[in-house]
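Hi,

Here is the structure I said I would pass on. Have a look, and my notes follow below.

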Amino acid sequence: MWFLFGLFFFIFGNWFLGLTSLDEGRNASAVLNMLSSKDFLVPYYNCQVRFEKPPMLYYFGLVFAKLLGLNEFSLRLVSGLSAFGVGIFTYLTAKLFFDRETALKSFLVLATLPHMWVESRAFVPEMLLTFFMLGGLYFFLTNRTTLGWLFLAFAFLTKGPVGVFLPLGAYLILRRDLAFLQLKGILLFLLVGGSWYYLMLYNFGWAYFQKFFIYENIMRYTGQTIIHPYPFYYYLIVLAVAYIFYLPAIPKLFKKEPKILPFLLWALFVVVFFSLAKNKLHHYIIFSYPALAIAFAYRLSMDYIKKVLVIATVFLLGLSVGVYFYEENRFQRKALPFLKDFDGPVYFYRGAEISSIPFYLKRCVPKTDHVPNHRAMLISKEDIKECREILRAREFDGNYRLYMCEP
């Protein structure tokens, strides 16, 4: 049963949609470059060093690409299996505090969250990160501290400092002790979790430290760099969409019940932490989902959850059909045959960028703000009078155009 639920809710149809921008295409390109160059230390996207993310997602992508070929299914399988692992750790964590039935319901609640379906079908690090964070938390709770620190080391190699801060915060809420402070485990964390960072600092020095630790972590959190400036209440909307099938049951969470209070505080801790950040993205708060799933599972009957399973199954099937037909009309799908047959240079024009196209073309696509004076193709979001339009179609972030420019 576990396998069937995981297969359907987290993996089924993950190949229906071509790779998307921005991060999915960049991550896939990093894997492609590692396979072709045999440089497994430094990630590259579009001929540029990719300092933004640590390598753990790429390494898992490499493993599955070697086993199953480099394609959408193999890459996204990393997130799909990670989501299944998050479900298992949610079950095990719930079982520590409640009974087996509540644990089972926790898994089912998590599996029926539409946001989990989306993230489990994207080659991005958030689901893998959540798996390692929740695994580390579970092992701390079961007094397997060394194993807990090893999982946090992997979380650190997946996304950076947040992979350590969040699970330790959740542990302190659930247990309120410092039993996780074990010298052996911390040394293991520093050895494993720091290994890749030490090499990157050795090779690139301040350039890497400034880009990843200062820019990607501190400056983006504090707002010194603004990229995703959503309002403070943004994550309330994300939670409402993620738990859409459980909105009628929300009042049940606020009835006085000491047993679920720590889990609500765990979820609140994650949501408030990211709400205070100046830059926000929907998948940042996924680590709060297991806590809320356990809280809902304790309050809801199995009959309610079975009804949600039926509705969620129909909804996911309908969504999969919609995605399949949407893919047929995407700019990327229509443009790739032209681009693959073209033997001249291809450019992203004036800020237009579809990060998955360099992956599919297996070559770099430079950016330009000028119409070239030689034969070339331009991918653009705006009209270019000097060139001949070949096609225009929609992507997730708007309409794109493909132009042939000839001297």
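A disulfide here is a pair of cysteine sulfur atoms within 2.5 Å. This is a predicted model, so to speak of local features we need pLDDT of at least 70, side-chain atom pairs count only at pLDDT 80 or more, and totals for chains, interfaces and linings use all residues. Residues are numbered from 1 along each chain as its sequence is written, and side-chain values use heavy atoms, with hydrogens and water left out.

Cys 387 and Cys 405 make one of them, with 2.0 Å between the sulfurs; that link is right-handed, at 100 degrees about the S-S bond. Both Cys 387 and Cys 405 are buried (under 20% relative accessible area; exposed is over 50%, partly exposed in between, with a 1.4 Å probe and protein chains only).

Cys 47 is bonded to Cys 364, S to S 1.8 Å, and this link is right-handed too, at 90 degrees. Cys 47 is exposed because its relative accessible area is 51%, while Cys 364 is partly exposed at 30%.

Cheers
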